Amino acid sequence: MQSTKTVQRLKFDKFKILDTLVVTGLVFVSIVIRIISATAFPQSVNEFDPWYLFYNALLIAQQGGNWYAVPPDVHGWFPWGYFIELGNTIGLPWLVALFSMPFFSQFGANAVYTVAIVSDIVLDAIGVVAAFLAVDAITENRVGAYVAAAAVAVSPSLTYKNLLGGLPKTSWGATFVLLAIYFMTLAIKRKKTIYGIPAGVMIFLANITWGGYTYIDLSLALAAFLLVLLNKNDEITAKSLTLLAVTSGFLTSFAPNNIGFLSGAAHGLSLLIIPLFLYLELYLRRTLPREIMDSKNIIIGAFIVFIVSLGILGLAAIGKSPIPSRYYAIVNPFFQFSVPIDRTVAEYIPQPITAMIQDFGISLFLSILGIYFILVKRQELPGLWLLVLGAASIYGTSEQPYLFNYTAYIVAALAGVGVSEIVSKFMEKKIRLVPILMLAIVGVSLLADAGIAIEVSYEPPSLLNAATPYLIVNYAWVSALDWINHNTPHNAFILSWWDYGYWIETVGNRSVIDENNTLNSTQIKMMAEMFLNNETFAANVLEKDFHLYPYGSPNYTYPVYIVAYDAVTLYVNSSAGTSMWFIGYPSNFPSTFIGYTTSLGDIAKAMGAMTTIAGYPLNEYVNVSYINSTIFSLETSGLPQATQLAQIIANSEPMAWTPKAYNSLIVNMFVEGLQSLNQGPVAAPFSFSLNSILSGQINPNFIPRVNMLYFKPVYIALYPVGTVPALGGVAEVYIAVLIYQFVEPYVIIPPTVVVNGT
């Protein structure tokens, strides 16, 4: 007997060793894919939002890791930042700060910066392990668990934002949720409710790193309701969930701001209601007469509807929405179209199924099988919770893509469940060919995903390529932010379109009027109106709404600067030795430049997002009818390359300006900035083509000299993107970041220009 146990133990240990080797290998693959960019480009915090998370981590580290002592951010949303930023989730920055504390006294901010950049290596490892553990616990099939772990390891969708320095809050949240599912599964299957405590710790970590407690609580509540409907509720589940809820609610109550139930009633209290519901069902099951038991679910369902309706009516009576607007936009897709800002943010715009397939690959289809098998076979609370999370996140991501690097983990786990069940079914029937073929297809698909992920990993951090779509280093923004940091007074205020707010307040270390979030739609709209109207309008807004006055004015208070960013093109005529500027970059870049340009920065945003947010008709700024008629004429002309030319003109739409656009602050900033370089006149878009000039048909049409009174260029950063052939010469494409100062008319401020980094 003892011999048999020894053999079984050795066999068990052998499988554990195999699991360790496979999962470790997948962790290594995941890390290697996502640190590829470190070998090709200088490292920096990536994207936009992570810069603000790093900034918060630095503030916490400066307070010795005490997240209660963090001062409010006075850099954001001037002059209201103090009131808005107190509600931000700072859990992930807190963890970054804690891990940097042993090195902070010696290395200071560099320690926090380093931990922020490499923290995603830890995420890579934990995410792969969490997917494996969750699926292995639910299915007790390591093959499906390997698939789930591999799907996370090579996921292209995770690579988009989870490169070094990405600080993806939603990915950390998903990883901790999977670990909570793992511990809850252990509690129920091993009948050891004590595992509810580590599960609660994981939910605590998910809540403070991600902040999506509403999403977590609602999905868990729905899973509990399904458990009751399927008659699978038991005392072990109720007790385990109680420990989870109490642990999570207790820990999160110590978090600052609005995360815990002692500072916000959404979390903690709501989690405690779920196990109370399970206990109620168990009580009714024991006490109700047998003849009423068949109607138990109907009674419970009616009771829940009554309570929810009562809560909604109560909140409506006091003027509060029961569902946060971001989640309400998922429930009601038409809602976001009623909010101008949401219509302009790519992360809030519904995506087609093709984009979903690109993000999640074969896991998307396998996850549907996983949902089916959980519903018919794995009817325990953790599996049902994963089911609800999967269905909600897939639908939610289709409506609002910002959830994709959360959904990838849930989809991978569901895919692993689907593979586990299929393999188990055919292996029970001793049919080996089908599982082998299926695993081969899955393996090839995952290899394809790995290839895409590797390609994505060669993209440099956004700040280091000026947020362009090209795989090159461009220091235009770095140069501009460095100038702001070292050459503007510490009490200066910077205006820009809201996309760059976090960069300016963190790297530039200055206060901004709008940040990279939608917390203050009033000021975002105000900024759009300032860019789209003339300089006098902008000056009036600054003086009347913000009480900010121009330099040189008797009422001067704080220095004010305004920043704009886009590509510009310098055309050099080789035979004539002359040059001219075009605002934007070639519409057919990197092909031969023929005189048509488009925008990748603020001009495109002005003629799209800004007009939408400001509520201005687009045709007041863009001659849409001219674009459409020109395209129609070309497409019906039968001329050679007519279709190609029509596409180039269609891509140039943001540059088809009306007289109102020519008088706008945003256009005048680029015109005056380029004219101040004295390297040639600025061409008027759509007024001629290079071919017509070279053939002598027409003379070039240049924009008249612009000299704004209230805004003067003080710094222009120009860094090259590349040189392309052009008709009669060459075209040099640059990224331009222009900084203007708000001044009293006729006050002279010498500009500084940086070209090619010199």
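## Around Trp80

Leaving out residues up to four places away in sequence, tryptophan 80 touches Asn520 and Gln523, where a contact means heavy atoms within 4.5 Å. This is a predicted model, so local features need pLDDT of at least 70 and side-chain atom pairs count only at pLDDT 80 or more, while totals for chains, interfaces and linings use all residues. Residues are numbered from 1 along each chain as its sequence is written, and side-chain values use heavy atoms, with hydrogens and water left out.

Tryptophan 80 sits in the loop between helix H3 (49–62) and helix H4 (81–85); helices (H or I, at least four residues) and strands (E, at least two) are DSSP runs numbered from the N terminus. Its relative accessibility is 46%, so tryptophan 80 counts as partly exposed; on this scale, buried is under 20% relative accessible area, exposed is over 50% and partly exposed is in between (1.4 Å probe, protein chains only). The C-alpha atoms of tryptophan 80 and isoleucine 513 are separated by 9.0 Å, although the two are 433 residues apart along the chain. In that loop between H3 and H4 you'll also find proline 79, and the peptide bond from phenylalanine 78 to proline 79 is cis, with omega near 0°.

## The chain and its core

Zooming out, the protein chain has 32 helices and nine strands. Of its 758 residues, 55% count as buried. Among contacts with a separation of 6 or more, 74% come from residues 24 or more positions apart.

The largest nonpolar core holds 241 residues; such a core is a set of buried Ala, Val, Leu, Ile, Met, Phe, Trp, Tyr and Cys residues joined through side-chain atoms within 4.5 Å. Leu178, Trp385, Leu386, Trp477, Trp497 and Leu542 touch the most other members. Not counting residues up to four places away in sequence, tryptophan 477 touches Leu463, Ala466, Tyr500, Trp503, Val563, Tyr565 and Val737.

## H9 against H20

Helix H9 (residues 169–189) and helix H20 (residues 381–399) pack at an angle of about 155°, with axes 8 Å apart. The axes are lines fitted to C-alpha atoms, for helices over the stretch in contact, and angles run from 0 to 180 degrees between N-to-C directions.

H9 brings Val177, Leu178, Ala180, Ile181, Met184, Thr185 and Ile188 to the contact, and H20 brings Leu381, Pro382, Trp385, Leu386 and Leu389. Those residues split into 11 nonpolar, one polar and no charged; here Ala, Val, Leu, Ile, Met, Phe, Trp, Tyr, Cys and Pro are nonpolar, Asp, Glu, Lys and Arg are charged, and the others, Gly among them, are polar.

Aspartate 124 is in helix H6 (residues 109–139) and is buried, with a relative accessible area of 4%. Setting aside neighbours within four places in sequence, aspartate 124 is in contact with Ser30, Ile31 and Arg34. In the loop between H6 and helix H7 (142–154) comes glutamate 140, a non-glycine with a positive phi of about 55°.

Lysine 430 also has a positive phi, near 60°, without being a glycine; it lies in the loop between helix H21 (404–428) and H22. Helix H22 (residues 433–457) has 25 residues and reaches 36 Å from its first C-alpha to its last, close to the expected 36 Å (1.5 Å times one less than the number of residues). Buried residues in H22 include Pro435, Met438, Val442 and Asp449.
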